[in-house]
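Subject: Structure handover and notes

Hello,

Please look at it first, and then read on.

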Amino acid sequence: MDGVRVGKRVIGAQSPVTVGWENIPKVEGGPLRRSFFTWFQPTMLFALIAFWYYAPNSIAKASTAVAIGIGFKILLLGLEWLAPRHESWRLTWKELSVDLFYVSLGYTVLGLIEGFIGSDAVIEAVQTSFDWHKLAWFIGLPLLLQAFIISFVFDFGQYWMHRGMHNWYPLWVTHAPHHYITQLNVNKGSVGNPVELFLIGLGIGGLFDFLPRAALLAGSLGLAVGTYQHINVRFNSPRWWRFLFNTTEHHSVHHSRDFEASRSNYASTWVVIDRMFGTCVDGEAELLGMEGGRPMSIRETMVYPFAEGWRTLKERLGRRSVMPAE
């Protein structure tokens with residue numbers, strides 16, 4: 001397998017990866033079907049932005065955002081069932097139950113931890129330790145500009161955290177279980193070790209004390225863009241969407257069994273950040289996972305960072321204790 005040269009790297013030498021948008025299949029069918037799968041994503045994005053921009057204060061709150069997020073994912077689960085991108089990624093009841101376990105973990109245990117030691121707690125500590133009045137002019141910015149800055153700054157932090165997870169072993173052992181998933185489905189973003197999910201959720205967007213509605217608008221960007229990273233649906237995404245935003249295609253390359261391909265497309269929402277730093281690969285992969293596509297059990301996922309870290313530590317200590325032969 002020769003692979004394709006992208007910059008200084010060869011992509012697809014270890015596992016098949018389709019490189020280049022011109023080589024990716026399109027949604028076929030009548031004009032109505034093609035139009036639906038072309039404009040569904042932009043329509044949902046602009047509808048969510050309009051809702052949070054004009055919604056009265058009585059409903060513009062976090063609980064509404066949670067309800068919309070759940071409803072949106074249910075809608076996308078229906079699309080996965082009706083129009084799967086790959087039959088090999090089609091959900092089974094067992095796969096769905098495992099995904100929902102991790103989703104519930106995120107809403108319960110991780111939510112509690114975030115409140116005490118997560119980004120919200122860190123931001124609150126920083127804000128109460130310094131005089132931030134000099135940055136109050138941020139609040140005077142147009143609401144949509146505030147939302148963009150929150151989204152972009154948060155994703156910029158996620159980009160470097162995610163990239164660090166692939167380049168620094170102590171972080172990699174927390175992230176590795178997520179790369180054992182063998183298919184993309186709408187809830188696969190929640191699958192992983194809790195330590196990794198906590199770390200990837202850290203961000204600094206709230207340091208600037210934006211208006212709450214701006215934060216909700218920024219959240220709608222994450223919902224209406226980031227959710228598509230893990231989804232078994234093919235879209236004819238417009239060119240401008242593929243340039244700015246991370247897509248299912250981009251993220252499938254990141255989860256490819258090909259090592260070089262997996263070291264690309266780190267951003268969560270704004271793939272343009274990857275373009276800025278030379279880590280973007282436009283393409284698609286169907287064969288995902290590690291160790292030839294071996295799925296990792298829930299039990300192994302929960303203990304992997306600790307077990308793998310302890311094993312590595314023992315190996316290194318063992319090598320150091322071996323005395324050279326006389």
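Let me begin with Met296, which is buried at a relative accessible area of 13%, where buried means under 20% relative accessible area, exposed means over 50%, and partly exposed is in between, with a 1.4 Å probe and protein chains only. Before going further, please keep in mind that this is a predicted model, in which local features need pLDDT of at least 70, side-chain atom pairs count only at pLDDT 80 or more, and totals for chains, interfaces and linings use all residues. Residues are numbered from 1 along each chain as its sequence is written, and side-chain values use heavy atoms, with hydrogens and water left out.

Met296 sits in the loop between β4 (283-284) and α14 (298-321); helices (H or I, at least four residues) and strands (E, at least two) are DSSP runs, numbered from the N terminus. If its neighbours within four places in sequence are left aside, Met296 is in contact with Pro177, Tyr180, Thr301 and Tyr304, contact meaning heavy atoms within 4.5 Å. Thr182 is 114 residues away from Met296 in sequence, and the two are 9.5 Å apart in space, C-alpha to C-alpha.

The chain as a whole

The protein chain has 14 helices and 4 strands, and of its 326 residues 46% count as buried. Among contacts between residues at least 6 apart in sequence, 77% join residues at least 24 apart.

Helix α9 and its partners

Helix α9 (residues 212-226) and helix α1 (residues 31-54) have axes that come within 9 Å and cross at roughly 165°, the axes being lines fitted to C-alpha atoms, for helices over the stretch in contact, with angles that run from 0 to 180 degrees between N-to-C directions. That makes α1 roughly antiparallel to α9, because angles over 145 degrees count as roughly antiparallel, those under 35 as roughly parallel, 65 to 115 as roughly perpendicular and the rest as oblique. Leu45, Leu48, Ile49, Trp52, Tyr53 and Tyr54 in α1 meet residues of α9 that include Arg213, Leu216 and Leu217. The residues of this contact of α1 with α9 divide into 12 nonpolar, 1 polar and 1 charged, where Ala, Val, Leu, Ile, Met, Phe, Trp, Tyr, Cys and Pro count as nonpolar, Asp, Glu, Lys and Arg as charged, and the others, Gly among them, as polar.

For α2 and α9, the axes come within 11 Å and cross at roughly 10°, which makes α2 roughly parallel to α9. Here Ala62, Ala65, Ile68, Gly69 and Phe72 in α2 meet Leu216, Leu223 and Ala224 in α9, and the residues of this contact are 7 nonpolar, 1 polar and no charged.

Helix α6, in turn, packs against α9 at an angle of about 55°, with their axes 8 Å apart, and that makes α6 oblique to α9. Among the residues of α6 that meet α9 are Leu143, Leu144 and Ile150, and on the α9 side they include Ala214, Leu217 and Leu221. By class, the contact of α6 with α9 has 9 nonpolar, 2 polar and 1 charged residues.

Pro142 lies in the loop between α5 (119-129) and α6 (143-167), and it is exposed, with a relative accessible area of 53%. Although Pro142 and Ala214 are 72 residues apart in sequence, they are 9.3 Å apart in space, C-alpha to C-alpha.

Residues in other loops

Arg85 is found in the loop between α2 (62-82) and α3 (93-107), and it is buried, with a relative accessible area of 9%. Its side chain makes a polar contact with the side chain of Glu284 at 2.5 Å, a polar contact being a pair of N or O atoms within 3.5 Å, of which, within protein, one must be able to donate a hydrogen and the other to accept it, while residues adjacent in sequence count only if both atoms are side-chain atoms.

Most residues other than glycine have a negative phi. Asn265, however, has a positive phi near 55°; it lies in the loop between α12 (259-262) and α13 (272-277) and counts as buried at 0% relative accessibility. Glu291 also has a positive phi, of about 55°, but Glu291 is exposed, with a relative accessible area of 54%, and lies in the loop between β4 and α14.
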